Amino acid sequence: MAARDADGKLAPGPAAIGLGRGIAAFAAGDHERAVRILAPLMPELVRIGGSHAQRELWEDTFIVACLRAGQGRQATNLISERLHRRPSKRDLAWSQEAARQ
């Protein structure tokens, strides 16, 4: 992916590489690193394409990484935006957990 990006042939750009690194950190249980990598990329999710539901999975991963890293405040705005779009028991529970951190 890095080679394609360097050649200007990676349509979503470097965001795709960062998202891959962030999800790898999450999968490895390094939630603090996942948060550091994913936080600046959240606004770039639209560049990777996919449906709203698919992009929401990236948001879910970021929120869970924040909560597991004890950085609930970082997830609060995203959770709040989602709750304004539609009610969600899961997002409400995450919001409450984030507020306790």
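**Entry 1: the pair α4 and α6**

I looked up how α4 and α6 sit together, and their axes come within 10 Å and cross at roughly 25°, the axes being lines fitted to C-alpha atoms, for helices over the stretch in contact, with angles running from 0 to 180 degrees between N-to-C directions. I note that this is a predicted model, in which local features need pLDDT of at least 70 and side-chain atom pairs count only at pLDDT 80 or more, while totals for chains, interfaces and linings use all residues. Residues are numbered from 1 along each chain as its sequence is written, and side-chain values use heavy atoms, with hydrogens and water left out. Helices are DSSP runs of H or I with at least four residues, numbered from the N terminus.

I recorded both angle and distance because two packed helices are described by the angle between their axes and the distance between the axes. I therefore class α4 and α6 as roughly parallel to each other, the term for angles under 35 degrees. Their crossing is left-handed, that is, the near helix is turned anticlockwise from the far one by less than a right angle.

**Entry 2: residues in contact**

I then listed the contacts (heavy atoms within 4.5 Å): Glu56, Asp60, Ile63, Val64 and Leu67 in α4 meet Arg90, Trp94, Glu97 and Ala98 in α6. By class, this contact of α4 with α6 has five nonpolar, no polar and four charged residues, where Ala, Val, Leu, Ile, Met, Phe, Trp, Tyr, Cys and Pro count as nonpolar, Asp, Glu, Lys and Arg as charged, and the others, Gly among them, as polar.

**Entry 3: a salt bridge between the helices**

I searched the whole structure for salt bridges (a side-chain nitrogen of Lys or Arg within 4 Å of a carboxyl oxygen of Asp or Glu) and found 10. One of them joins the side chains of Arg90 and Asp60 at 3.5 Å, N to O. Arg90 lies in α6 (residues 89-100) and Asp60 in α4 (residues 52-68), so the pair ties together parts that are 30 residues apart in sequence.

I checked accessibility too, with buried meaning under 20% relative accessible area, exposed over 50% and partly exposed in between (1.4 Å probe, protein chains only). Arg90 is partly exposed at 36%, whereas Asp60 is buried at 12%.

**Entry 4: Asp91 and its partners**

Which side chains meet Asp91 in a salt bridge? I found Arg82 at 3.0 Å and Arg86 at 2.9 Å, both N to O. Arg82 is buried at 0% relative accessibility, Asp91 is buried at 0%, and Arg86 is partly exposed at 24%. Salt bridges that share partners join Glu56, Glu59, Asp60, Arg82, Arg85, Arg86, Arg90 and Asp91 into one network.

How values were computed
Helices (H or I, at least four residues) and strands (E, at least two) are DSSP runs, numbered from the N terminus. Angles under 35 degrees count as roughly parallel, over 145 as roughly antiparallel, 65 to 115 as roughly perpendicular and the rest as oblique.
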